[in-house]
Amino acid sequence: MLTYAGAIIAFLIGSGFATGQEILQYFASYGFQGIVGTGAVVLILITYVAAEFLFVGHMKKFEHPSMIFRYYAGKHLGTFFDYFSILFVFLSFTVMVSGAGAVFEEHFGLPKYLGGAGLAIVVSATVWFGLKNLVDVIGKIGPVIVVVAVLLGVLSFIREPGNIAAGNAMVADLELTRASTNWFMSGLSYVGFCMLWLAAFLTALGKTARSRREAVSGGLVGGAAFSAACVVVGLGLLANIARVNGTEIPMLVLARDFSPVLAAAISVMIVAGIYTTAVPLLWAVSSRFFTDSTRNFKYLAIALAAVGAVVGLLLPFSQMVNVVYVINGYVGIFLLVLMIAKTCRRLMPRRSGWAHDAGANIDNFQESLLPENRR
């Protein structure tokens, strides 16, 4: 359970969370209301999404994880979400490359190409060894990174608690890059893009779970822990909103307040966080076309890593986070609606009359579209 929870956390803390850029745009830029409101939306929905994907993956054991989209959306919409998510996941990998380049350039004073290319090489080497080793690696690293990030956030706002109120008063006057026009839509968009990341990966993980309880518990713990971490880090950034605004790596601004040594350690942590997300992203795209650990799978992973390194180093990191994540987040909201509807039908007690027959026919139709149910 804890390994699955750790894998969820590690997957979601990539370059956006670890650098603080994602939390700044989706949470802190709306002030205290945004942190509490967006945090509540994310807590409820991410926890549900993670547990649901793992549960369905365990129960259905799809031959291909991408079949999760047809399970929720039917043949045509499911096919759209399938291919759209693959494109988005690959673009998200390029964001990871861009984030690694930004850390190398902003903190270490090295060419960003060195950081981006280095990440692509290490990630492709990890994916080469397959899903089981991937989970073992990122499931252990993820919780450590979250603990360090949360501690830094806590120290940043408890040192001068009044700074949170001051930062909250400033947000209206600052030219902040925001994910949406209001905190509620920001929260939905955040969950939306996280869903497209998690869908195939958690479906595959759920298939390996030993029990339904293990799968669901891992999703609940992982989703809740990640949401809480977002809120705490958001408070730390809000307390320093004027100083972190406009920076590529906001977390480094917080770390430098304490010591250069801590800033160096946080830089390493950020790169590790980017790595733990980039690995399953690259795996998800490669596994969509070839079976995990086969020769074609490995060759495709290397090719995608090379292309991603080129694309990811062309645009500024903060701009890529705002464009790639936000646009895809709204598409994810549509999938979320379909997921909730499917879950409600599955959990609803037996109905009578035409309502029961109609609901059963819809479920049977969707199930018949899955390859393993075709005759």
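Where is Lys61 placed? Select Lys61 to begin, and the viewer will show a residue in the loop between helix 4 (31-60) and helix 5, where helices (H or I, at least four residues) and strands (E, at least two) are DSSP runs, numbered from the N terminus. The phi angle of Lys61 is near 50 degrees, a positive value in a residue other than glycine. Lys61 is partly exposed, with a relative accessible area of 41%; buried means under 20% relative accessible area, exposed over 50%, and partly exposed in between (1.4 Å probe, protein chains only).

Before going further, note that this is a predicted model, in which local features need pLDDT of at least 70 and side-chain atom pairs count only at pLDDT 80 or more, while totals for chains, interfaces and linings use all residues. Residues are numbered from 1 along each chain as its sequence is written, and side-chain values use heavy atoms, with hydrogens and water left out.

**The whole chain**

Display the protein chain as a cartoon, and 16 helices and zero strands can be traced. Of its 375 residues, 57% are buried. Contact means heavy atoms within 4.5 Å, and among contacts in the protein chain between residues at least 6 apart in sequence, 83% join residues at least 24 apart.

**Along helix 5**

Select Tyr71 next, which lies in helix 5 and counts as buried at 4% relative accessibility.

Leaving aside neighbours within four places in sequence, Ser92 is in contact with Trp197, Leu281, Val324 and Tyr325.

Two packed helices are described by the angle between their axes and the distance between the axes. Axes are lines fitted to C-alpha atoms, for helices over the stretch in contact, and angles run from 0 to 180 degrees between N-to-C directions. Angles under 35 degrees count as roughly parallel, over 145 as roughly antiparallel, 65 to 115 as roughly perpendicular and the rest as oblique.

Select helix 5 together with helix 6 (residues 112-128): they pack at an angle of about 135 degrees, with their axes 7 Å apart, which makes helix 5 oblique to helix 6. Their crossing is right-handed; a crossing is left-handed if the near helix is turned anticlockwise from the far one by less than a right angle, and right-handed if clockwise. To see the contact, show Phe93, Met96, Val97, Ala100, Gly101, Phe104 and Glu105 in helix 5, which meet Lys112, Leu114, Gly115, Gly116, Leu119, Ala120 and Val123 in helix 6. These residues divide into nine nonpolar, three polar and two charged, where Ala, Val, Leu, Ile, Met, Phe, Trp, Tyr, Cys and Pro count as nonpolar, Asp, Glu, Lys and Arg as charged, and the others, Gly among them, as polar.

Turn next to helix 9 (residues 183-208) and helix 15 (residues 317-347), which pack at an angle of about 80 degrees with their axes 6 Å apart, and are therefore roughly perpendicular to each other. Residues making this contact include Trp197 of helix 9 and Tyr325 of helix 15. By class, the contact of helix 9 with helix 15 has 14 nonpolar, five polar and no charged residues.

The crossing of helix 4 and helix 9 is right-handed, and the residues of their contact divide into 19 nonpolar, nine polar and one charged.

**Two last stops**

Select Gln21, in helix 3 (residues 21-26), which is buried, with a relative accessible area of 4%. A polar contact of 3.0 Å joins the side chains of Gln21 and Gln25. Not counting residues up to four places away in sequence, Gln21 touches Gly16, Thr247, Glu248, Pro250, Phe317, Ser318 and Val321.

Finish at Ala264 in helix 13 (residues 260-289), which is partly exposed, with a relative accessible area of 30%. Ala264 and Leu252 are twelve residues apart in sequence and 8.6 Å apart in space, C-alpha to C-alpha.

Technical notes
A polar contact is a pair of N or O atoms within 3.5 Å; within protein, one must be able to donate a hydrogen and the other to accept it, and residues adjacent in sequence count only if both atoms are side-chain atoms.
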